[in-house]
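This report looks at a helix contact and at pairs of aromatic rings. Please view the structure first.

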Amino acid sequence: MTATTKPISFARGAPSLDIVDVEGLRAAADRAFATDPGGMTGYGTAIGYPPLREWIAELHDVEPARVIVTNGSMQADAFLFDALVAAGDVVIVERPTYDRTLLSLRGRGADVRAVELETDGIDVDALAELLEGGVHPKLAHIIPNFQNPAGYTLSAAKRERLLALAGEHDFTVFEDDPYVALRFEGEAVPTMVSMDGERVVYASSFSKTVCPGIRVGYLVGPEELIGRIVKLAIGAYISPNMVAQGIVNEFCRSGAIVRSIETVKEALRERAQTLCDALERELPEASFTRPQGGYFLWVDLPPGTDVAALCTLAAERGVQFIKGSDFVLDGGESSFRIAYSGVTPAEIEEGVRRLAGAYAEVAPA
């Protein structure tokens, strides 16, 4: 990379500043401090900012006692794992899956079993075979919409089959769903928590629809389980960030979140199309499925491609992405993830051109 080469990052799943509603957030902050200065400046409660908790409960048509609001969805995940997963417990994950989930589960000593991800979601037949073979999971972690890292969506039929398997084999489905609102093509699919509120624990986040810096996530689940998680939260931090949650509450209740989501979806639609068109033109060896929403695209290169070497050569050209091997327990050496949410169409075009130049040096004979 020369001194004049502009870095282009396809590595991080975050919106670029031009599609964040900064003015709307500033106005929401002003209203939050004007209407509830005590709530903004006090310790608060471990359940989260009560008005936001109520708004989330209304969104999911559940009682507020079934909701806890946290400092981002990763903390929500951690609380759930602490409540349900002990060392040696079997946890089902998709292959590939979010790298930080793998790290979190393995750090707790979980027996992680990866089931292949298909373009319409986890291979439920392979999961059923695993279960019938005597595996008894405590939890199945599923990212159902525009999955990170693959970008795939779990079909309605597979959602029903997964819930049936969970009931038959007595495990909890963890529906990790931060991208659900970011559909820019196709028809929405019902959430699993709306189909089975006792078997499913649902997590989502405002990082993808408002902004990452706000660090507000939440869980929806059975009241008894949420009560146990609230106790964990009390021991961890007394209360989460009331200022951030108060701002999000005003942002949501004013309708600004609806406008924000539309802005983000329009940008993502254009960026995803630009990326796929550029890959087909510049890197025809790449295999991928065009996303219908979300932030990510999974790319498979011909077998034998050394993506680790490609990553190094691309970095020398000022382009970053994440190796596929980071998202699996083993394998993934010929695949990688592209995040298109934080780059403009012009940057995508240039980034793919550089990536294709790097690939030419490592392409299998």
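## A buried tyrosine pair

Y179 counts as buried, because its relative accessibility is 4%. The model is predicted. Y295 is buried as well, with a relative accessible area of 0%.

Y179 and Y295 form a tilted one, 5.9 Å centre to centre, with 55° between the planes. This pair links distant parts of the chain, 116 residues apart. Y179 sits in the loop between β7 (172-176) and α8 (192-195). Y295 sits in the loop between α11 (256-282) and β10 (296-300).

## A phenylalanine pair and a cluster

F321 and F336 also pair. Their ring centres are 4.7 Å apart and their planes meet at 45°, so the pair is tilted. F321 lies in the loop between β11 (319-320) and β12 (322-323), and F336 in strand β13 (residues 335-339), so the pair ties together parts 15 residues apart in sequence. Both F321 and F336 are buried.

Which residues do ring pairs link into a cluster? They are W55, F206 and Y218.

## Helix α1 against helix α10

Helix α1 (residues 22-35) packs on helix α10 (residues 242-253) at an angle of about 110°. The axes are 8 Å apart. The two helices are therefore roughly perpendicular to each other.

On the α1 side, the contact involves G24, L25, A28, A29, R31, A32, F33 and T35. They meet V243, G246, I247, E250 and F251 in α10. By class, the contact has 8 nonpolar, 3 polar and 2 charged residues.

Methods: Residues are numbered from 1 along each chain as its sequence is written. This is a predicted model: local features need pLDDT of at least 70, side-chain atom pairs count only at pLDDT 80 or more; totals for chains, interfaces and linings use all residues. Side-chain values use heavy atoms; hydrogens and water are left out. Axes are lines fitted to C-alpha atoms, for helices over the stretch in contact, and angles run from 0 to 180 degrees between N-to-C directions. Helices (H or I, at least four residues) and strands (E, at least two) are DSSP runs, numbered from the N terminus. Angles under 35 degrees count as roughly parallel, over 145 as roughly antiparallel, 65 to 115 as roughly perpendicular and the rest as oblique. Contact means heavy atoms within 4.5 Å. Ala, Val, Leu, Ile, Met, Phe, Trp, Tyr, Cys and Pro count as nonpolar, Asp, Glu, Lys and Arg as charged, and the others, Gly among them, as polar. Rings of Phe, Tyr and Trp (its six-membered ring) pair if their centres lie within 6.5 Å; planes under 30 degrees apart count as stacked, over 60 as edge-to-face and the rest as tilted. Buried means under 20% relative accessible area, exposed over 50%, partly exposed in between (1.4 Å probe, protein chains only).
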